[in-house]
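Trainee: I'm new to this one. Could you walk me through it with a few questions and answers?

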Amino acid sequence: MEIIFHPDYILHKQKGTHPERPDRLIEVMERLDKEDLTEDVIVPEHISEENLTVVHTEEYISRLKSHPPGYLDGGDTYICESTYDIARLSAAGALSAVDISKKGKAALALLRPPGHHAGAGYGGGFCYLNNIALAAAHSGVDKVAILDFDGHHGNGTSDIYYSDPGVLFISTHHYGIYPGTGEAIAIGDGRGEGFNVNVPFQTGVGDSSYGFAWDELIEPILSDYKPKLILVSLGTDGHYSDGMTGLSLSSQAYIEMSKKSIDLSQKLCGGKIAFFLEGGYHLNSLAEIIAGISALTEGKELKLEHTSVYDDNCLGRQAVERTKRALQDHWKFY
Ligand SMILES: [Zn+2]
């Protein structure tokens, strides 16, 4: 698996004590190094502003660029001196990842700042530019599936592609927390109807429910859609050690979902798959999940620490069933 990372990703800083901090990537890179998984690290080059306006509005890009140090939104997404440049470099990493994945090689972009809460004309939730949406647009591929496994709903990505059947968006998330969107009945609009899939889980949902969602919903829809490229918004804040959501996923559940995604990409689209880091604020679980995913494709297995299973009885079954009902006219379920 090729890893994309730029040392300058740690230069962007939120104000004061903040969960989305440079230590996240420092810890991840140290862990990868320790496990001998940093052989294939690719450093992205800067991209031009034209690469951003394929997804974002020109007004928003000018606003970001000229924004003085201060908050972009209500108080959790701060712009420091280097934020615009580093957000652009994060987007550059996303474009490199998709270029690599198109050659049939799995790519893992370890990005800061994250992107999935940024829409065409807004930022928020620690996000400025939507890395994965930019990657999908840059790919030039007419059938892209985006899987969003972050614990929060990927509202920005969903908004950007809500009426576009060329991008199938599937998000599993804790519903009722930030950003408040992501209900099962939000299935897309116009020509994009049916191509927006939300699985809104309640507090406590974890391993067995995600397995059920994969088998009953995600894999059948992907197999029916037949994407030519799979992109994954990988946020590890659904982990039970991570206080940012109330989900209870273990490290092995995250690694297993990633493995299933890679396996399915090999079956459906020649192994064209790229992962993009979104959230994940508990440093130790974040680092072990990233290292575990990276080790997968090297045929290595890591010894994991965070392996407790809190949901072994499919707590989220009804949420999955509701989503299936909302989409029954659009997809073939087994
Ligand atoms: Zn998140």
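Trainee: Which residues in α8 does α7 meet?

Mentor: Keep in mind that this is a predicted model. On the α7 side, look for Ser 251, Tyr 254, Ile 255, Ser 258, Lys 259 and Ile 262. By class, this contact of α7 with α8 has 6 nonpolar, 3 polar and 2 charged residues. The partners in α8 are Glu 288, Ile 289, Gly 292, Ile 293 and Leu 296.

Trainee: And at roughly what angle do the axes of α7 and α8 cross?

Mentor: Helix α8 covers residues 283-296, and its axis comes within 9 Å of that of α7. The crossing is right-handed. As for the angle, the axes cross at roughly 35°.

Trainee: Okay, now the metal. Which residues coordinate the zinc ion?

Mentor: Read the spacing along the chain, and you get D-x1-H-x84-D for the donors. Asp 150 sits in the loop between β6 and α5, while Asp 237 is in the loop between β9 and α7, 87 residues apart, so the pair links distant parts of the chain. At 1.9 to 2.1 Å, the zinc ion is coordinated by Asp 150, His 152 and Asp 237.

Trainee: Last one: is Ile 79 buried or exposed?

Mentor: Ile 79 lies in strand β4. Among the residues Ile 79 touches are Leu 64, His 67, Leu 72 and Tyr 128. Its relative accessible area is 2%, so Ile 79 is buried.

How values were computed:
Residues numbered from 1 in each chain as written. Predicted model: local features only at pLDDT ≥ 70, side-chain atom pairs only at ≥ 80, totals over all residues. Heavy atoms only, no water. Donors = N, O, S within 2.8 Å, 3.2 Å for Na, K, Ca; no water. Helix = DSSP H or I, 4+ residues; strand = E, 2+ residues; numbered from the N terminus. Axes fitted to C-alpha atoms, helices over the stretch in contact; angles between N-to-C directions. Left-handed = near helix turned anticlockwise from the far one by under 90°. Contact = heavy atoms within 4.5 Å. Nonpolar A, V, L, I, M, F, W, Y, C, P; charged D, E, K, R; others polar. Buried < 20%, exposed > 50% of the residue type's maximum accessible area, 1.4 Å probe, protein only. Lists of a residue's contacts leave out its neighbours within four places in sequence.
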